[in-house]
Amino acid sequence: MEHKRDPNRRKQCVSQMAGLFAFSILFSFLMLNLSACKKKTDKKTLQLFALDTYVTITVEGKDAQEALDEAARLITDLEKELSSRKENTPISRLNASSENAPVTLPANAYGLLEKAWQYKNETEGVFDPRVAPLMDVWGFSTGDPHVPSREEIDAALSRVEEGGICFLDSCQAYVLPGTKIDLGGAAKGYIGDEVMRELKKFSLSRIILDLGGNITVWAEKDDLTVGIVDPKSPSVLCAVLHLSDCEIPQSVITSGAYERYFEEDGIRYGHIMDPKTGYPVITDILSATVIGRDGAKGDILSTTLYAMGKEKAMDWASQKGIDCVLCDENGTLWVSSTLKGKIDAEKGWTIEYFD
Amino acid sequence: MPKKDGQSNTSTNNEKKSPSLGKALPPRNFRFSSGDLFLIIGIVLFCSFLIGGIFIYGNVQEKRTPYVRILSDGQVLLYSPLKEFQNETEYSIETDHGKVVVLISSERAVIVSSDCPDQICVKQGELTHVGQGAVCLPNKVVVEIVPGPGSDEEQEIDGVAR
């Protein structure tokens, strides 16, 4: 390019540069705005007190609002069907039934009851839907936790041992005298499955259900991360799970007595009962988390693994092919080897895999 | 454009042809040298970085400003940036069931006492990071640390199993 001290040319050059400068700025803005627009999503959250806990549902997609309305309705309905604590529910009517006066249950309640009963046998009684009388005498279901007298425990224990359900045809059932059934150990997981099944019918790209810490997730294409609470300090995490294949719903369900417990005379009593001793379970793990496709099963098995203790839980989990994370007192996470590469430990925790 | 002046001073050798050709072919004035091209690319990049930097920095700042939110039976009682609480502030929430006391400072929020039998909310301890929360079921009170408004950023954790 030829250069000359020509004021016209210089002017031209300056205006050219100014134009380019303005253009550059405009261009930059445009690009940034474009990238900023992409982030906008239809994300909606519903929070409510239900199922004796705190429920948070987050959905993304076109039908977000409709989906949340449906979820709230469904949770209220299922709670009425499956609760034994509320008056005049199918389960409370079942508890008042007898051989001469069986009750007809809704399909949901009947199905879950059968499932719970089946797992009572499969877990050799570690999980037991008949445990309600013990929860009552220990005050966990009445909001007044305390150590009961030996007589109270024995009376409750005999009700548990002698209790039973008789399943009849066409959703009919009755209980043996003294039996009190509570589906609390399975209902939240089951409701998670049911709500997820219904919400998937909507046009959504992501569904996150948090039923009092029972997590069920689904995403059209993304991978999702689910944390596990640190049982030693419940405001932080002990591990983070990276879930792939989320186009099929997955549930992450933790059991432990690190939140629901009370102390008396310096001894800590957790809310998970041992149906054989009548006392809270004694275990060497702080929490057990089960990852799987079936939330009701995960709910039942996380309680079972927690109650079994580390050695038995690891044996049982590998034998049954359960993906789980067990947190122990020493800050070790005992993780199914099938979860290799899908879990990161948080500060203060180390991972040991088992087969 | 002092740089341009400097350049033209040093390239006096080429000036001989320019009077005639310059007039005959005015578009030549508009042709870019590789230097000009670099300058333009430089300006574009510089602007992008500058504006982008400001934009991203602002976004990150917003995202990193955690808010504290207190809900009582679904009603929002408080929703403010944590950093506004330079002085430790105590909130007493009266509910149908009793009273919940929350202490908030610029770093954290914590339920210090609650009229409830299980005390699960108090056992939660200090809440310092986005995503943390404490729930008192009997009182229907929720204290949580949430991202600031307008931060559409995805949270790192989609759910927390407990």
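Reader: Leaving aside neighbours within four places in sequence, which residues is Leu326(A) in contact with?

Author: This is a predicted model. Leu326(A) is listed with the residues that have the most contacts inside the largest nonpolar core. Leaving aside neighbours within four places in sequence, its contacts are Ile285(A), Ala288(A), Leu305(A), Lys310(A), Ala313(A) and Trp334(A).

Reader: How many residues does the largest nonpolar core have?

Author: Leu112(A), Leu183(A) and Ile207(A) are among those with the most contacts inside it. Val143(B) is also listed. The largest nonpolar core has 112 residues.

Reader: Why is one side of β3 and of β4 of chain A left without a neighbour in the sheet?

Author: The open sheet runs in the order β3-β5-β4 (chain A), with antiparallel pairing. β3 (103-104) and β4 (165-167) of chain A therefore each have one side without a neighbour, because each stands at an edge with a single partner strand.

Reader: Which residue in β5(A) stands opposite Phe167(A)?

Author: Three bridges join β4(A) to β5(A), and the two run antiparallel. They form a hairpin with four residues between them. Opposite Phe167(A) stands Ala173(A).

Reader: Which residue stands opposite Gln172(A) in β5(A)?

Author: Two bridges join β3(A) to β5(A), residues 172-175. Val103(A) stands opposite Ala173(A). Opposite Gln172(A) stands Thr104(A).

Technical notes:
Residues are numbered from 1 along each chain as its sequence is written. Chains are lettered from A and ligands numbered from 1 in the order in which they are written. This is a predicted model: local features need pLDDT of at least 70, side-chain atom pairs count only at pLDDT 80 or more; totals for chains, interfaces and linings use all residues. Two strands pair if DSSP finds at least two bridges between them. A nonpolar core is a set of buried Ala, Val, Leu, Ile, Met, Phe, Trp, Tyr and Cys residues joined through C-beta atoms within 7 Å. A residue is buried if 20 or more other C-beta atoms lie within 10 Å of its own, exposed if 12 or fewer, and partly exposed in between; C-beta atoms are placed from the backbone. Two residues are in contact if their C-beta atoms, placed from the backbone, lie within 7 Å.
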